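Here is a short walk through one protein. Look at the whole first, then follow a single residue.

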Amino acid sequence: MIKSRKKGIIVAIVLISLGLLIFLGGMAALNFDFTKLSTVKYETNVYRPEGDFNKISIDVSETEITFALSDDGGCRVECYEEDKVKHTAVVEDGVLQIDTVDARKWYDNINATFGQAKMTIYLPKEEYSVLSVEAGTGSVEVTAEFSFENLYISGDSADVECLASVTNCIEISTDTGNIKVDAIDGKKMELSTDTGDINVASVTMEDEVKVETDTGYINLTDLKCEELSAESETGNVSLINVASQGKFNIKNDTGDVKLE
């Protein structure tokens, strides 16, 4: 019994080693480019919506989103996307609407993919009334050359970085993603995430600022506001050069609180 067990172990080790050698040989033939193992096909498509708009509404599920200023005065949306998960971009009633068209069947979700859908939105001007983004697992980056009256971004595991000017209200919420806000002067700001970190720097708000996370860290630097509410359960809260005309309302269960 012991000899047969030893033989079985030896055979298993030999088979595992042989499989590993075959895998390494195959990957060497592919120059160790794991993306070539993907069963999902990606393609690049460009959408050119026509018409004037002052509001932007985006609803995507698995796409990284970035913004850039158009070099030809027109709007275009460049997407690196799955062949069965595409996007539409149209202008209706002064709103640029970007949505997802998912043509996958249930069995298409059984796959191996090493790619990431990406979207770059080229805007014809710098100032807009509203930016509203519903993101799933992709990141959202709003660059500094743009200005909005109101900005609303929500996502699941999306990281959000906002460097644009927001003159009125900014609201950002994610489940597991990180939030970064930098160099904004506005009226009201609300940031919330479950497990992600919140980083705010060089921000002035006329009214209330509310930041909330469960396990992530809160880092506020060079912030001025009317009232500040910061809440975390297990993450640390750090306030450096933060001034409030009214009050600080800081809640934490097990994390540290630093005031400097």
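Two residues are in contact when heavy atoms lie within 4.5 Å. Keep that in mind for N150. The model is predicted.

N150 touches S129, V130, L131, V166, N168 and C169, leaving aside residues up to four places away in sequence. Where does N150 lie? It lies in strand β10, which covers residues 147–155. One of the neighbours deserves a second look. The side chains of N150 and N168 are joined by a polar contact of 2.7 Å. Now compare sequence with space. G186 is 36 residues from N150 in sequence, and their C-alpha atoms are 9.3 Å apart.

Is N150 buried or exposed? Buried means under 20% relative accessible area. N150 has 11% relative accessibility, so it counts as buried.

Step back to the whole protein. It has one helix and 21 strands. There are 260 residues, and 35% of them are buried. The accessible surface comes to about 14300 Å². Carbon and sulfur atoms account for 50% of that surface. Take the contacts between residues at least 6 apart in sequence: 33% of these join residues at least 24 apart.

The largest nonpolar core holds 54 residues. Which of them touch the most other members? They are I58, I121, I170, I172 and V181.

Pick I58 from that group. Residues up to four places away in sequence are again left out. I58 touches I65, F67, I98, I121, L131, S132, V133 and E134.

Conventions
Residues are numbered from 1 along each chain as its sequence is written. This is a predicted model: local features need pLDDT of at least 70, side-chain atom pairs count only at pLDDT 80 or more; totals for chains, interfaces and linings use all residues. Side-chain values use heavy atoms; hydrogens and water are left out. A nonpolar core is a set of buried Ala, Val, Leu, Ile, Met, Phe, Trp, Tyr and Cys residues joined through side-chain atoms within 4.5 Å. Buried means under 20% relative accessible area, exposed over 50%, partly exposed in between (1.4 Å probe, protein chains only). Helices (H or I, at least four residues) and strands (E, at least two) are DSSP runs, numbered from the N terminus. Accessible areas come from the Shrake-Rupley method with a 1.4 Å probe; for residues, only the protein chains shown count as cover. A polar contact is a pair of N or O atoms within 3.5 Å; within protein, one must be able to donate a hydrogen and the other to accept it, and residues adjacent in sequence count only if both atoms are side-chain atoms.
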